[in-house]
Amino acid sequence: MYELVTGPLAWLAFAVFFIGVIARIVLYIKGLDWKLDRVTYTVNVSYGIRGALRSIFVWLFPFGTHSWRSYPFMTILVFTFHIGILITPVFLIAHNVMLWERWGIRLWTIPEPVADILTIAVMVSAVFLILRRIALPEVRILTTAYDYLVIAIAVLPFFTGYMAHIQAPDYRFWLILHILSGEIMLVAIPFTKLSHFVNFFLSRGQLGMDFGIKRGGMKNKGLAW
Amino acid sequence: MPEGTLCNKKTVNTVEELHALLADKSGKVYYDEMNSLEIDRAALKATLQKTCKSRIRTWLEICAHCGMCADSCFFYMANNRDPRQVPSYKIQSTLGQIVKRNGDVDNAFMQMVMDTAWGKCTCCNRCGMYCPFGIDMGIMFGYLRGLCFSQGFVPWELKIGSGMHRIYQAQMDVTSEDWVDTCQWMAEENEEDWPGLEIPVDKENADIMYTVNAREPKHYPEDLAEAAILFHLAGENWTVPSVGWEETSLAMFAGDWDACRIQVQSVYDAMERLKPKRMVVTECGHAYRATVIEGPYWAGLKSGKTPVPSFHYVEWVAEALRTGKLKIDPAKRIKEPVTYQDSCNYIRNAGLKECAREIMSYIAEDFREMSPCKEHNFCCGGGGGMNGLGRYREQRNIGLKVKRDQILATGAKLVISPCHNCWDAIRDMEEIYHVGIRWSFLKPILLKMVIVPDHLKPDE
């Protein structure tokens, strides 16, 4: 089983992930239409690029926009959750050891206690994100089972990885489940709301171009997001 | 496929059709017929296929259902935080469902969609600024209105409005003759007080081609006179076109994209014909949005720009004050606390916030910003056509509470509102809530305080 999930399934998951993500980017850009969207993407390019970069950049910082500042609790949750999700798997020592053993490459790594904290932070913030969904009427009305499924797909690799890491009973079970759930997440990214992994940048960039080119960007210093 | 005689999928292109609609008081028969209007599912499906592309589909798909758009919506705030007023909910339960069902929807559903698209959203685009993914629900509601229009589900007044544009190239039945007559009348009426005052019609190669909102010649001709006097005082070489003088677009509010194109094309043709250096638009928000911001796209202009550079009235005023073409008598500046209503259409959606502040720095001594303001300001409550829709009057009046409270919090009793829709909404707000405020366009305020050069004064 271990050979299967770390061999063919891993290759398959990474292939689906990379090809899927590239396809999402290509399809999104191909589907942009200057006349329907009413944005001259290819004419006023410098304004478009400026608008897109500003629109992406300011939103990448906690409290960087009016919206983030209006919802401080949510902002802390969102950034904690995402920083943990992005940093931990890429810079984890254990993952980089595998990379080194297989291909002789490795990236920077983060100390184990930091990885532990980030992992716990992902799980804790996920719990609060779920509680928020239940508690706030304006979020509850939007919430569907699909939203919980997406959170589960994103958090399961962290939960299982943590169980394996603390050497819980049935180490092998948790390890295989960890690898499987990681692969499920990779495959889910192009096909679910998790596609915001790339669509966040595309959508933000598009709206930034809209404001940068058409809605005022040529007449002022740019929108105060 | 059963169609009503008034409520149907056809556009209004003749005076007879228009009069039939107008004769139906408050749209009683029209809305009655709407109950049996059938949906052309094949056409809806085909339209989605052709026009609903990656931007909107991605927006609908990736919405994280986080609810961060809730507080951005003045309807949500004004309705005691009713979750059914959350922008994401409003768009997902309407356009989201139409896309999901690929156009397989029924009459009752489409009526709910219409009531949401026009009765719960003014397309102010504020929510788009608060979504971390940059999902602009105002844009989607604009698109949704187009789908509704194509199926005949459009509020009665806007069916009429888009018909007006198709027939008169104006939002009201003002013909070219009516318009030119009004120009002459206003020039004659004021020439005694303002020697040399002219409203030059169809003058070629002028510096400025001035265009208006049809309400001005129809109901407030003195607005045109005030514009003429201010251009006269500033020494501008200006003109108005006899055809293509109307900037507004009820067609945009209606989602009648073809009528939008017809309307803006009439203005662009006037630009080509008269070859002015630039165009200045009257104090109207959606008119500027329609003709200057969105219009080039409807007309298929690949530059995304109007044939000659175009400016909102606040841009011209700011420039005239800055360059000294218009000089303000310091003694006559506004002394009392005064606030400024940022129109969504030319502030948030066209970036002119600084012009407004510059003007206020010249004319007011105690200028108070609303909170929030500039591009984050709330819609007046009457945008997107809302002011004119009888069916949603009650919802409109509830929505006005947010603007009312914003104005009251400034402590100012005077609101400068260089936008027809905002001006109307604030007037109605005072009528309904009696909060004791006054409101004004810029032109009458400027006329009261501008210094008249000696050579332009009437002979005693």
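Modeller: Contact here means heavy atoms within 4.5 Å. The model is predicted, with pLDDT of at least 70 needed for local features and 80 or more for side-chain atom pairs, while totals for chains, interfaces and linings use all residues. Residues are numbered from 1 along each chain as its sequence is written, chains are lettered from A and ligands numbered from 1 in the order in which they are written, and side-chain values use heavy atoms, without hydrogens and water.

Colleague: Which residues of H12(B) and H21(B) meet?

Modeller: Asp223(B), Glu226(B), Ala227(B), Ile229(B), Leu230(B) and Leu233(B) of H12(B) meet Lys443(B), Pro444(B), Leu446(B) and Leu447(B) of H21(B). By class, this contact has 7 nonpolar, no polar and 3 charged residues; Ala, Val, Leu, Ile, Met, Phe, Trp, Tyr, Cys and Pro count as nonpolar, Asp, Glu, Lys and Arg as charged, and the others, Gly among them, as polar.

Colleague: Why are H12(B) and H21(B) called oblique to each other?

Modeller: Helix H12 (residues 221–234) and helix H21 (residues 442–449) of chain B pack at about 45 degrees, with their axes 9 Å apart. Angles, taken from 0 to 180 degrees between N-to-C directions of lines fitted to C-alpha atoms, are roughly parallel under 35, roughly antiparallel over 145, roughly perpendicular from 65 to 115, and otherwise oblique. The pair is therefore oblique.

Colleague: What makes Arg215(A) and Asp136(B) a salt bridge?

Modeller: Their side chains meet at 2.9 Å, N to O, and the rule asks for a side-chain nitrogen of Lys or Arg within 4 Å of a carboxyl oxygen of Asp or Glu; the pair therefore qualifies. Across the interface of chain B and chain A, the rule finds 7 salt bridges.

Colleague: How many residues does each chain bring to the contact, and what area is buried?

Modeller: Chain B gives 57 residues and chain A gives 54. About 4,600 Å² is buried between the chains, 58% of it on carbon and sulfur atoms; buried area is the accessible area (1.4 Å probe) lost on being put together, summed over both parts. On the side of chain B, Arg55(B), His65(B) and Tyr297(B) lose the most area to chain A, together 17% of what that side buries.

Colleague: How many helices and strands does chain A have?

Modeller: Chain A has 12 helices and 0 strands, taken as DSSP runs (H or I, at least four residues, for helices; E, at least two, for strands) numbered from the N terminus.

Colleague: What makes Phe63(A) and Pro372(B) worth a look?

Modeller: Most residues other than glycine have a negative phi, and most peptide bonds are trans. Phe63(A), not a glycine, has a positive phi of about 65 degrees, and the peptide bond from Ser371(B) to Pro372(B) is cis, with omega near -5 degrees. Phe63(A) lies in the loop between helix H4 (45–57) and helix H5 (66–70) of chain A.

Technical notes. Buried area is the accessible area (1.4 Å probe) that two parts lose on being put together, summed over both.
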